[in-house]
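Visitor: I would like a close look at one part of this model. Please pick a single strand and take me through its surroundings.

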Amino acid sequence: MTTTSKHPETLALHGGSYRKDTTTNAVAVPIYQTTSYEFNSVEHASNLFSLKDLGNIYSRIMNPTNAVLEERLAAIEGGAVALALSSGQAASAFSIQNVAQAGDNIVCSTDIYGGTWNLFNNTLRAQGIDVRFADPSDPENFRKLTDDKTRAFYAETLPNPKLTVFPIEEVANIGRSLGIPLIVDNTAAPLSCKPFDYGAAVVVHSLTKWIGGHGTSVGGAIIDGANFDWTKFPERQPNFNQPDPSYWGWVLGKVVPEVLGANIAYAVRARFVLLRDLGSAISPNNAFNIIQGLETLPLRIKQHNSNALEVAEFLKGHDQVSKVTFPKFAEGKAKENADKYLNDNYGSMIGIEVKNGVEGGKAFIDALQLHYHVANIGDSRSLAIHPASTTHSQLSAEEQLKAGVTPGYVRLCVGIEHVEDIIEDLKIGLDAASKATTTAAA
Ligand code: PLP
């Protein structure tokens, strides 16, 4: 089915080439629980290995269930091809390792998920890839930190806890003028933001969050926009312009478009070099679970976003809340970016500053009955966490503030329950927080 012109609600169910299982006519995507695939002949096997034919060889590198997920992800993001991986962390790591080696560097937004921060600042650095952190409030900071070894820019569309939307187009344009791709983690804004529309070259997702949506399965993905010329500045992208010793000395930036007729050297290298060698494959079972989530993603996202808007308005007027962080309430350039990139959908995360600092925040969380107290985002259920006593507790007070975590800061991730029930639960939490004030003062 040609689906490129279809709407997200349709793509989530029909995107890609899968219509039915060709052997059984099954409509739901089967779980192909197999490690390997029989070759029809020696010639067939040889053509698969040389990429003359694309087909299944071994499930570490490709699997038909995973392929359905990959094609649908590419369709909903408006990219060319996707690679599903075992986790969002694997996707972030691959996205950089695909372009950078020891001695190279990347420039990364300061506003990123803590796990990505650890991966980049410690693990990648220990492997010799220098990561330079740029304050995204001025896109020019990315240019300032660039040198001739810079291989990529990296950012998140809607990072928490600050919830300040990243200036994708501005930074992508700077990168393109220098031969540097912008890689965007779009985990928190699926469907709302389409980073490829603004010049991003690669999109990363943790599928564990909104796309899976049900809190059952960990997964990640890299999506190649096929919109970046890896050969334009050959010295900038050695992985695509020098012979690859593990692939018959092919220069992937040239050979892939010639052999496959598509500018997807980035995705091909991620699969046939990194996934082959590092092996962070997603299981077909998890891919199946995530496909179930993806099929209803457009419906759920609408409910998440409209609930969050209503909850944010409620909290804004509450006397026990001193501050509400929500992209719609941003000001100045941050508001302009929220409007431009989120297309009137402001996401489902809300930050609130509960009065009475740490004690208020703790009392609020402990009193909640409907919300789950978990270190996760993007579940269909409403979630809450108090970062100062959990995720950010190992940071100094000063470091917490730098990360946007004040003592009474609570992160809410609004689910798809009835909004009145969500608000009722928040009222219980805020009431407890107000009593914590009384206790502390007594
Ligand atoms: N990117 C973002 C924005 C995240 O919030 C997370 C996890 O919380 C990840 C990546 C990592 O994803 P995973 O937990 O699937 O490895």
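**Strand β6 and its surroundings**

Guide: Start with the pairing. Strand β5 (residues 182-185) and β6 run parallel, joined by three bridges. V184 stands opposite V203 in β6. Keep in mind that this is a predicted model.

Now turn to the other neighbour. Strand β7 (residues 220-224) pairs with β6 in the antiparallel sense, over five bridges. H205 has A221 as its bridge partner in β7. V203 stands opposite I223 in β7. In general, strands of a sheet pair through backbone hydrogen bonds, either parallel or antiparallel.

Next, the whole sheet. It is open and has seven strands, in the order β1-β7-β6-β5-β4-β2-β3, with mixed pairing. The edges are β1 (81-85) and β3 (130-134). Each has a single partner strand, so one side of each is left without a neighbour in the sheet. On average, neighbouring strands of this sheet are turned by 20° against each other, direction ignored.

Back to β6 and its burial. The strand covers residues 202-206, and five of the five are buried, so β6 is largely enclosed by the rest of the structure. Look at the two faces in turn. V202, V204 and S206 lie on one side. V203 and H205 lie on the other. Both faces are covered, and all these residues are buried.

S206 leads on to the ligand. An N or O atom in the side chain of S206 is 2.8 Å from an oxygen atom of the ligand. The protein covers 89% of the 390 Å² of accessible area that the ligand has on its own.

The ligand is surrounded by 13 residues, and the closest are G88, Q89, D185, S206 and T208. D185 is listed among these closest residues, and the range of β5, residues 182-185, takes it in. By class, the shell has three nonpolar, seven polar and three charged residues.

For G88, a backbone N or O atom lies 2.9 Å from an oxygen atom of the ligand. For Q89, a backbone N or O atom also lies 2.9 Å from a ligand oxygen. For S206, by comparison, the atom belongs to the side chain.

Conventions: Residues numbered from 1 in each chain as written. Predicted model: local features only at pLDDT ≥ 70, side-chain atom pairs only at ≥ 80, totals over all residues. Heavy atoms only, no water. Near = heavy atom within 4 Å. Polar contact = N/O pair within 3.5 Å; in protein donor to acceptor, adjacent residues only side chain to side chain. Areas by Shrake-Rupley, 256 points an atom, 1.4 Å probe, with all protein chains shown as cover. Nonpolar A, V, L, I, M, F, W, Y, C, P; charged D, E, K, R; others polar. Buried < 20%, exposed > 50% of the residue type's maximum accessible area, 1.4 Å probe, protein only. Helix = DSSP H or I, 4+ residues; strand = E, 2+ residues; numbered from the N terminus. Pairing = 2+ DSSP bridges. Axes fitted to C-alpha atoms, helices over the stretch in contact; angles between N-to-C directions.
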